[in-house]
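Subject: Handover of a structure and notes on its contents

Dear colleague,

Please find below the structure that I am handing over to you. My notes on it follow directly after.

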Amino acid sequence: MTSAVERPVAGYAEIEARLAAAGLRPRGAFCPDRDDGLGPGVAWLLLLGAIGGSVWPAFEKSAEYSDGEANPLDRWSARVIGDLAQSLGGTALYPFGGPPYRPFLRWAQQAEGLTPSPLGMLIHPLHGLWHSYRGALAFAAVPAGWHTGDPSPSPCPECAAPCLSACPVGAFTAEGYDVVTCRRHLATEAGTPCMSGGCLARRACPVAPDLAYDREQTDFHMRAFLGSTP
(Lines give C-alpha, C1' and ligand atoms only; values in the text may rest on other atoms or scores of the structure.)
Protein backbone atom coordinates (compact mmCIF):
# COMPACT_ATOMS: atom_id res chain seq x y z
CA MET A 1 0.00 0.00 0.00
CA THR A 2 1.10 3.55 -0.73
CA SER A 3 0.16 6.72 1.06
CA ALA A 4 0.54 9.99 -0.81
CA VAL A 5 2.21 12.68 1.22
CA GLU A 6 -0.20 15.35 2.44
CA ARG A 7 1.27 18.56 1.07
CA PRO A 8 0.24 21.09 -1.58
CA VAL A 9 0.02 19.64 -5.08
CA ALA A 10 1.34 21.59 -8.05
CA GLY A 11 -0.91 22.33 -11.03
CA TYR A 12 -0.68 20.07 -14.07
CA ALA A 13 1.00 22.70 -16.26
CA GLU A 14 3.77 23.09 -13.69
CA ILE A 15 4.13 19.31 -13.40
CA GLU A 16 4.56 19.00 -17.18
CA ALA A 17 7.15 21.77 -17.24
CA ARG A 18 9.14 20.25 -14.38
CA LEU A 19 9.11 16.83 -16.04
CA ALA A 20 10.36 18.28 -19.32
CA ALA A 21 13.21 20.08 -17.54
CA ALA A 22 14.23 16.78 -15.91
CA GLY A 23 14.19 14.89 -19.22
CA LEU A 24 10.97 12.95 -18.55
CA ARG A 25 7.57 12.83 -20.21
CA PRO A 26 4.13 12.39 -18.64
CA ARG A 27 2.94 8.91 -19.62
CA GLY A 28 -0.70 9.09 -18.68
CA ALA A 29 -2.54 9.39 -15.38
CA PHE A 30 -5.63 8.06 -13.67
CA CYS A 31 -7.56 8.21 -10.42
CA PRO A 32 -6.98 4.84 -8.74
CA ASP A 33 -9.47 2.72 -6.86
CA ARG A 34 -8.90 0.15 -4.14
CA ASP A 35 -8.04 -2.57 -6.68
CA ASP A 36 -5.00 -0.69 -8.02
CA GLY A 37 -2.60 -1.62 -5.22
CA LEU A 38 -2.40 1.90 -3.81
CA GLY A 39 -3.47 3.26 -0.47
CA PRO A 40 -6.67 5.20 0.21
CA GLY A 41 -4.69 8.44 0.39
CA VAL A 42 -3.78 8.34 -3.33
CA ALA A 43 -6.23 10.36 -5.44
CA TRP A 44 -4.18 10.57 -8.63
CA LEU A 45 -1.33 8.55 -10.16
CA LEU A 46 0.91 10.00 -12.89
CA LEU A 47 3.22 7.70 -14.83
CA LEU A 48 6.56 9.08 -16.00
CA GLY A 49 8.90 7.86 -18.69
CA ALA A 50 10.23 8.31 -22.19
CA ILE A 51 8.94 8.54 -25.74
CA GLY A 52 11.56 7.31 -28.16
CA GLY A 53 14.95 8.51 -27.00
CA SER A 54 13.58 11.53 -25.11
CA VAL A 55 15.19 10.56 -21.80
CA TRP A 56 18.61 9.80 -23.26
CA PRO A 57 20.16 13.32 -23.45
CA ALA A 58 19.51 14.01 -19.76
CA PHE A 59 20.62 10.56 -18.63
CA GLU A 60 23.76 10.63 -20.79
CA LYS A 61 24.92 13.82 -19.04
CA SER A 62 24.32 12.44 -15.55
CA ALA A 63 26.84 11.23 -13.00
CA GLU A 64 25.09 7.84 -12.90
CA TYR A 65 25.76 7.26 -16.60
CA SER A 66 29.53 7.52 -16.24
CA ASP A 67 30.28 6.38 -12.67
CA GLY A 68 30.74 2.71 -13.57
CA GLU A 69 28.32 1.46 -10.91
CA ALA A 70 25.51 -1.03 -11.53
CA ASN A 71 22.02 -0.06 -12.75
CA PRO A 72 22.81 3.51 -13.81
CA LEU A 73 19.44 4.22 -15.46
CA ASP A 74 17.49 2.98 -12.44
CA ARG A 75 19.65 5.03 -10.08
CA TRP A 76 19.24 8.12 -12.26
CA SER A 77 15.47 7.57 -12.37
CA ALA A 78 15.27 7.17 -8.59
CA ARG A 79 17.23 10.37 -7.97
CA VAL A 80 15.39 12.51 -10.53
CA ILE A 81 11.89 11.24 -9.78
CA GLY A 82 12.56 11.37 -6.04
CA ASP A 83 13.52 15.05 -6.38
CA LEU A 84 10.38 15.72 -8.43
CA ALA A 85 8.22 14.07 -5.80
CA GLN A 86 9.66 16.34 -3.11
CA SER A 87 9.18 19.52 -5.09
CA LEU A 88 5.76 18.72 -6.61
CA GLY A 89 4.05 17.31 -3.55
CA GLY A 90 3.88 13.65 -4.58
CA THR A 91 5.26 10.25 -3.60
CA ALA A 92 7.72 8.49 -5.93
CA LEU A 93 7.07 4.91 -7.10
CA TYR A 94 9.28 2.78 -9.36
CA PRO A 95 8.97 -0.29 -11.62
CA PHE A 96 12.31 -1.61 -10.31
CA GLY A 97 13.68 -2.41 -6.86
CA GLY A 98 11.56 -5.51 -6.20
CA PRO A 99 10.37 -8.06 -5.56
CA PRO A 100 7.62 -7.26 -5.00
CA TYR A 101 7.21 -5.10 -8.09
CA ARG A 102 4.61 -2.42 -8.72
CA PRO A 103 2.05 -3.32 -11.45
CA PHE A 104 3.28 -0.71 -13.92
CA LEU A 105 2.02 -2.53 -17.02
CA ARG A 106 -1.49 -2.66 -15.58
CA TRP A 107 -1.24 0.97 -14.53
CA ALA A 108 -0.09 1.90 -18.05
CA GLN A 109 -3.15 0.26 -19.56
CA GLN A 110 -5.35 2.28 -17.23
CA ALA A 111 -3.46 5.53 -17.73
CA GLU A 112 -3.29 5.52 -21.53
CA GLY A 113 -5.59 2.71 -22.60
CA LEU A 114 -2.70 0.72 -24.06
CA THR A 115 -2.93 -2.94 -25.09
CA PRO A 116 -0.30 -5.68 -25.51
CA SER A 117 1.28 -6.09 -28.94
CA PRO A 118 1.89 -9.56 -30.45
CA LEU A 119 5.35 -9.34 -28.87
CA GLY A 120 3.84 -8.86 -25.43
CA MET A 121 5.10 -5.29 -25.06
CA LEU A 122 2.46 -2.59 -24.72
CA ILE A 123 1.97 -0.75 -27.99
CA HIS A 124 1.05 2.92 -28.17
CA PRO A 125 -1.06 4.03 -31.16
CA LEU A 126 1.31 6.96 -31.86
CA HIS A 127 4.63 5.87 -30.35
CA GLY A 128 4.49 2.20 -31.30
CA LEU A 129 6.86 0.10 -29.18
CA TRP A 130 9.24 3.01 -28.57
CA HIS A 131 8.12 4.18 -25.16
CA SER A 132 8.98 3.26 -21.59
CA TYR A 133 8.14 3.89 -17.94
CA ARG A 134 10.73 5.06 -15.42
CA GLY A 135 8.49 5.71 -12.44
CA ALA A 136 5.31 7.31 -11.17
CA LEU A 137 4.15 10.03 -8.81
CA ALA A 138 1.26 9.41 -6.44
CA PHE A 139 -0.67 12.49 -5.28
CA ALA A 140 -3.19 13.05 -2.52
CA ALA A 141 -5.23 15.33 -4.81
CA VAL A 142 -5.92 15.73 -8.52
CA PRO A 143 -3.90 18.69 -9.86
CA ALA A 144 -5.69 21.64 -11.35
CA GLY A 145 -5.65 21.64 -15.14
CA TRP A 146 -5.58 17.87 -15.68
CA HIS A 147 -8.28 16.15 -17.68
CA THR A 148 -8.66 12.62 -18.94
CA GLY A 149 -8.10 11.89 -22.60
CA ASP A 150 -9.86 9.44 -24.88
CA PRO A 151 -7.62 6.44 -25.68
CA SER A 152 -6.94 5.67 -29.32
CA PRO A 153 -7.49 2.15 -30.66
CA SER A 154 -4.58 -0.27 -30.95
CA PRO A 155 -2.96 -0.41 -34.41
CA CYS A 156 -2.38 -4.17 -34.12
CA PRO A 157 -5.73 -5.63 -35.30
CA GLU A 158 -5.27 -4.08 -38.75
CA CYS A 159 -1.58 -4.99 -39.01
CA ALA A 160 0.01 -8.01 -40.75
CA ALA A 161 2.27 -8.42 -37.69
CA PRO A 162 5.72 -8.40 -39.33
CA CYS A 163 7.12 -8.34 -35.79
CA LEU A 164 6.28 -12.02 -35.28
CA SER A 165 8.33 -13.22 -38.25
CA ALA A 166 11.30 -10.85 -37.80
CA CYS A 167 13.01 -12.63 -34.89
CA PRO A 168 15.79 -14.85 -36.33
CA VAL A 169 15.32 -17.50 -33.64
CA GLY A 170 11.53 -17.36 -33.32
CA ALA A 171 11.62 -16.20 -29.72
CA PHE A 172 8.12 -14.69 -29.96
CA THR A 173 5.26 -17.16 -30.27
CA ALA A 174 1.66 -17.54 -29.21
CA GLU A 175 2.98 -19.13 -26.00
CA GLY A 176 4.94 -15.99 -25.12
CA TYR A 177 8.51 -14.71 -25.22
CA ASP A 178 11.31 -17.29 -25.00
CA VAL A 179 13.88 -15.14 -23.19
CA VAL A 180 16.41 -17.98 -22.83
CA THR A 181 16.57 -18.64 -26.57
CA CYS A 182 16.81 -14.91 -27.25
CA ARG A 183 19.70 -14.39 -24.84
CA ARG A 184 21.59 -17.40 -26.17
CA HIS A 185 21.31 -16.01 -29.69
CA LEU A 186 22.52 -12.56 -28.64
CA ALA A 187 25.64 -14.09 -27.11
CA THR A 188 26.71 -15.57 -30.47
CA GLU A 189 28.15 -14.00 -33.62
CA ALA A 190 24.83 -14.61 -35.34
CA GLY A 191 23.24 -12.28 -32.81
CA THR A 192 25.37 -9.29 -33.85
CA PRO A 193 22.60 -7.63 -35.94
CA CYS A 194 20.29 -7.70 -32.91
CA MET A 195 22.99 -6.43 -30.54
CA SER A 196 24.12 -3.62 -32.85
CA GLY A 197 20.73 -2.51 -34.15
CA GLY A 198 18.38 -3.58 -31.40
CA CYS A 199 15.69 -6.25 -31.32
CA LEU A 200 14.78 -7.00 -34.93
CA ALA A 201 11.23 -7.96 -33.98
CA ARG A 202 10.70 -4.64 -32.22
CA ARG A 203 12.19 -2.73 -35.14
CA ALA A 204 9.86 -4.52 -37.56
CA CYS A 205 6.83 -2.77 -36.08
CA PRO A 206 5.59 -0.25 -38.68
CA VAL A 207 4.32 2.23 -36.06
CA ALA A 208 6.59 5.22 -35.35
CA PRO A 209 9.90 3.86 -36.75
CA ASP A 210 11.33 7.37 -36.45
CA LEU A 211 11.26 6.98 -32.66
CA ALA A 212 13.62 3.98 -32.66
CA TYR A 213 16.67 4.37 -30.42
CA ASP A 214 19.97 5.55 -31.91
CA ARG A 215 23.06 3.33 -31.89
CA GLU A 216 24.45 4.49 -28.53
CA GLN A 217 21.17 4.07 -26.66
CA THR A 218 20.59 0.71 -28.35
CA ASP A 219 24.04 -0.49 -27.27
CA PHE A 220 23.33 0.54 -23.69
CA HIS A 221 20.01 -1.30 -23.48
CA MET A 222 21.17 -4.44 -25.28
CA ARG A 223 24.28 -4.77 -23.09
CA ALA A 224 22.15 -4.27 -20.00
CA PHE A 225 19.70 -6.93 -21.16
CA LEU A 226 22.41 -9.45 -22.00
CA GLY A 227 24.11 -8.89 -18.66
CA SER A 228 20.96 -9.12 -16.57
CA THR A 229 19.79 -12.20 -14.69
CA PRO A 230 17.54 -14.39 -16.90
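For the charge count, Lys and Arg are taken as positive and Asp and Glu as negative, while His and the chain ends are not counted. Each charge is placed at NZ of Lys, CZ of Arg, CG of Asp or CD of Glu. On that basis the chain has 17 positive and 22 negative charges, and their mean positions are 3 Å apart.

Please note that this is a predicted model, in which local features need pLDDT of at least 70 and side-chain atom pairs count only at pLDDT 80 or more, whereas totals for chains, interfaces and linings use all residues. Residues are numbered from 1 along each chain as its sequence is written, and side-chain values use heavy atoms, with hydrogens and water left out.

Overall form

The chain contains ten helices and eight strands; helices (H or I, at least four residues) and strands (E, at least two) are DSSP runs numbered from the N terminus. Its radius of gyration is 18 Å, close to the 17 Å that the globule rule gives for 230 residues, so the chain is as compact as a globular protein of that length. Here the radius is taken over C-alpha atoms, and the rule is 2.2 Å times the number of residues to the power 0.38. The C-alpha trace spans about 55 × 45 × 30 Å along its principal axes.

The accessible surface of the chain is about 11,700 Å², and carbon and sulfur atoms account for 56% of it. Areas come from the Shrake-Rupley method with a 1.4 Å probe, and for residues only the protein chains shown count as cover. Of the 230 residues, 41% are buried, where buried means under 20% relative accessible area, exposed over 50%, and partly exposed in between (1.4 Å probe, protein chains only). Among contacts (heavy atoms within 4.5 Å) between residues at least 6 apart in sequence, 70% join residues at least 24 apart.

Backbone features

Most residues other than glycine have a negative phi, and most peptide bonds are trans. Against that background, the following places deserve a look.

- A cis peptide bond joins G98 and P99, with omega about 5°. The bond from P99 to P100 is also cis, with omega near -5°.
- N71, which is not a glycine, has a positive phi of about 55°. N71 is in the loop between helix 3 (63–66) and helix 4 (72–88).
- A208 has a positive phi near 55° and is in the loop between helix 9 (200–203) and helix 10 (215–227). With a relative accessible area of 11%, A208 is buried.

Helix 4 has 17 residues, which should span 24 Å at 1.5 Å a residue; its end C-alpha atoms are 24 Å apart, in agreement. The expected span is 1.5 Å times one less than the number of residues. Buried residues in helix 4 include P72, W76, V80, I81, L84, A85 and L88. G89, with a positive phi near 90°, follows this helix.

Helix 10 has 13 residues and reaches 18 Å from first to last C-alpha, close to the 18 Å expected. Its buried residues are Q217, T218, F220 and M222. The cover over them includes helix 2 (56–60), helix 4, helix 7 (179–186), helix 8 (192–197) and helix 9.

Individual residues

L137 belongs to strand 6 (residues 131–139) and is buried, because its relative accessible area is 0%. By contrast, the C-alpha atoms of L137 and G191, 54 residues apart along the chain, are separated by 38 Å.

G41 is in the loop between strand 1 (25–30) and strand 2 (44–51) and counts as partly exposed at 27% relative accessibility. The C-alpha atoms of G41 and A140 are 5.7 Å apart, although 99 residues separate them along the chain.

L200, in helix 9, is partly exposed, with a relative accessible area of 31%. Apart from neighbours within four places in sequence, L200 is in contact with A166, P168, P193 and C194. L200 and S165 are 35 residues apart in sequence and 9.6 Å apart from C-alpha to C-alpha.

With kind regards
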